[in-house]
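Dear colleague,

I am handing over the structure that we discussed, and it is placed directly below. After it come my notes, arranged by region, which I hope you will read with the model open beside them.

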Amino acid sequence: MHALSPLAIALACAFQAQAQAPAPNAAAAAAARAPTPAAVDANVRNAGIVTIVGGRPSSLPTQIPTTTFSILGSEIETKINATDSEDALRYFPSLLVRKRYIGDYNHAVLSSRASGTGNSARSMVYADGILLSNYLGNGAAFTPRWGLVTPEEIERVDVLYGPFSAAYPGNSVGAVVDYVTRMPQKFEAHAKVGVFGQRFALYNTRDTFTGWQASASVGSRAGAWSWWFNVNRLKNEGQPLTFATKLVTATATATATTTAPGTPVTGAVLDKDRFNVPWYLIGDATRYDTTQDHAKAKLAYDFEGQVRAQYTLGWWQNSTVGQSVPYLKRSSDGAPFYSGVASIDGRSYNVAATDFNQSRDAITHLMHGLSVASRTRGVFDWEFAASLYDYDQDTARVPTVAKPAADSGGAGRITDLAGTGWNTLAIKGVWRPNAQHLADFGVQQDRYQWRQRIDNAADWMGGGRTTPFSSFQGKTQLRSLYAQDAWTFAPGWKAVLGLRYEHWTATDGRRVAFNQTTGTATPSVFQRRRESWTSPKAALGWQLRDDWSLKLSTGRAIRVPTVGELFQGNGSAGAGSDVVTNPNLKPEKSWTSEFSSDWLLAGQHRLRSTLFHENTTDALYSQAIPGTTPIVNSVQNIDRIRTIGLETAYDAADVLVKGLDLQASLTYADSVIKANSSFVATPGDTIGKQQPRVPKWRASLLASYKLTDSLTGSFGARYGSRQFGNLNNADTNGFAYQGFSSYLTADVRLRWKIDKQWSAAVGIDNLNNQTYWNFHPYPQRTYNAELRFDL
């Protein structure tokens, strides 16, 4: 994994105006291994400012002198315990994916330098140019559709940091990720099986959670046709993610002459919440038993004139059972206590029917992608691309009655998202009029539609709908024009100027609440909105010497409000929370800049240092309104957040001894709220406070050593300093349920190449068994083993 890898040599080729596409055997060789700094040294000397590795083309721009980072599929296989596609990003500088358990499909948010894990709409994730990011909303529940890519099909992952390309909307303000998946040049087949498990101990939970995964793929090329087919099944038991709690001060203590009403119970755990207020944890919940199936088919045809057409069909199915386990037991006979009035240490507490939650999710999503593109690398190339992501089936069922009766049915609610999804359309061109200029331009359209209804059900586990509870719908659309020119105006110098025009509309916003006694509907209809703006971009690169280059980039990014932020309101059945709609939210506006120095030493060591700055006005944030029960959240515009920081990345091959490769990064980010006139608990209490979920310090390390020709060991470590979840930073206890803690974790992996076809690997994630939090607890020490066959 290298700071200039795989985005290294191909960008170099792009910088050389007359570079030709690599021959198939050269491309295969480039994709088969990660280039060392020495291997790309010649390209750096010739191209200097921008570098990227060859192989199959990335959808990311290859001509902008700015920060990029990449990893090859072969490196993932060798060095990382990858059970999900997002694991490929585990050791990237400044990036963190909030993966709570293996197979996490609804909270695995990608965060970046100046964006926390509560801001999913501030990054972009693609697979072969097909959008996987979910911009129906912003936050934990709107994660990229990671399940549409499996680790075994990854050829390369490329990341572009910051909004410095005019080809992307304002969601690129954090990072743009592109998964390049395999498309074979000859017949190949692969199969893999893996098992994993953890012993989880927290509060009064003591349990073992296990899972397994199996995948197979096959592909080939015959003449102008090439194809690829991949299937995968994942089954996993996740550790508890939530806990039922009661504040100690919720009721009065019984006097010396009276007895607290309710059933005396034992088992409650006394601790402090994230505000250091004493509370009882009375049970664990959200234990997901997840089964996921994935299938993907890709078909490509190469026409004469170096034009390729490709169609991709992805199918992803998820069945999840969520369970809870109470800690409370009746003092009289030790039987579990599920609901009613409980007496704990002389105080009475009402245990509600929904405190020990359950759920049943049934999801089937479809992804379609079609592209037709020329790859002549002559004077002009073009591309047409379209994609569709469809919620074919998406239902969530929860009970409204208490356990144990809910274990076999009873009343509940059904949330149905059928008809929800998004589609994209793009027409792009690249013009190379001479050796000094490379211009790219295009027109794009992105549409998002949310359809949601919540109904009551007599049998929450399998019954049909009875009466309506609420409904919600809305649409947004972004139409864009962009152009940018990369100009090599002198030897060793490159400048890029770009401009993006966007027209945004929000329509069909409607929310309906039904009175549960009379059945009367109360609709809220929101007015159509439309706005337009331009976003300029600029970058400058200078190759001082063969081994040293400087890069300066700046760009404006407009992150538009999502459908959910504008219109959703009370969206989830039985979640115990509500959301105040805000159809007048302003778009979030950011100016981001970075200055990088990239230094190559002795052909083996590369050191990059990047100073970055971001000024964001009208930042979009969702916060709980203090004192509301159940919790009420409000999406607000925060007047201004300023971030300044320094990111360093070191990458080296054959460190001290042959076969020892090392990659490390360290990031400091001072992200501070400078102005905020929106709702706050106390006026002025957020000014000067740290942006939620953005740690000041992050670090990563990945070392691998080739012990023998067939045996490779790797060691990885990640660190993040303390974080806050609230705008006023009042949640000072990060090591608690709903807190945001610091962390230091280590991972190990040992891979054995048995022979040409067979390989095996064992690994441990969270080797030091750190208990750490990002609102939910992360997994504890997890053991992995896998067996793989490649033909």
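Helices (H or I, at least four residues) and strands (E, at least two) are DSSP runs, numbered from the N terminus. This is a predicted model, in which local features need pLDDT of at least 70 and side-chain atom pairs count only at pLDDT 80 or more, whereas totals for chains, interfaces and linings use all residues. Residues are numbered from 1 along each chain as its sequence is written, and side-chain values use heavy atoms, with hydrogens and water left out.

Because five of the five residues of β21 (residues 412-416) are buried, this strand is largely enclosed by the rest of the structure. Strand β20 (residues 380-399) runs antiparallel to β21 and is joined to it by five bridges; two strands pair if DSSP finds at least two bridges between them. Within that pairing, V398 has R413 of β21 as its bridge partner. Strand β23 (residues 437-457) also pairs with β21 in the antiparallel sense, over five bridges, and here the bridge partner of T415 is I454 in β23.

**Two open sheets**

The order β1-β6-β7-β4-β5 describes an open sheet of five strands with mixed pairing. At its edges stand β1 (68-72) and β5 (130-131), each with a single partner strand, so one side of each is left without a neighbour in the sheet. Strands β4 (residues 124-127) and β7 (residues 175-181) run parallel and are joined by four bridges, with V125 standing opposite V177 in β7.

A further open sheet has four strands in the order β16-β12-β17-β18, again with mixed pairing. Its edges are β16 (329-330) and β18 (347-351), each of which has a single partner strand, so one side of each is left without a neighbour in the sheet. Strand β12 (residues 263-266) pairs with strand β17 (residues 340-344) in the parallel sense over two bridges, and T263 has A342 in β17 as its bridge partner.

**Nonpolar cores**

A nonpolar core is taken here as a set of buried Ala, Val, Leu, Ile, Met, Phe, Trp, Tyr and Cys residues joined through side-chain atoms within 4.5 Å. The largest has 69 residues, of which L89, V157 and Y179 touch the most other members. Strand β6 supplies the largest share of this core, five residues. Apart from it lies another core, of 12 residues, among them A244, L328, I344 and F356. Leaving aside neighbours within four places in sequence, V157 is in contact (heavy atoms within 4.5 Å) with residues including F69, I71, L89, F92, V177 and Y179.

**E152 and its surroundings**

E152 lies in the loop between β5 and β6 (154-161), and this residue is buried, with a relative accessible area of 6%. Not counting residues up to four places away in sequence, E152 touches R182, K192, S215, N232 and R788. The side chain of E152 makes a polar contact of 2.7 Å with that of K192 and another of 3.3 Å with that of S215. A polar contact is a pair of N or O atoms within 3.5 Å; within protein, one must be able to donate a hydrogen and the other to accept it, and residues adjacent in sequence count only if both atoms are side-chain atoms. E152 and E77 are 75 residues apart in sequence and 7.9 Å apart in space, C-alpha to C-alpha.

**Salt bridges**

The structure holds 46 salt bridges, each being a side-chain nitrogen of Lys or Arg within 4 Å of a carboxyl oxygen of Asp or Glu. One of them joins the side chains of D158 and R156 (3.0 Å, N to O); D158 is buried at a relative accessible area of 0%, and R156 is buried at 1%.

Another joins R221 and D302 (2.7 Å, N to O). This pair links distant parts of the chain, with R221 in strand β9 (residues 205-222) and D302 in strand β14 (residues 278-303), 81 residues apart. R221 counts as partly exposed, at 25% relative accessibility. D302 also forms a salt bridge with R308, the closest N and O atoms being 2.7 Å apart, and R308 is partly exposed at 22% relative accessibility. Salt bridges that share partners also join D84, D87, R90, K99, D747 and D765 into one network.

With best regards

Technical notes:
Buried means under 20% relative accessible area, exposed over 50%, partly exposed in between (1.4 Å probe, protein chains only).
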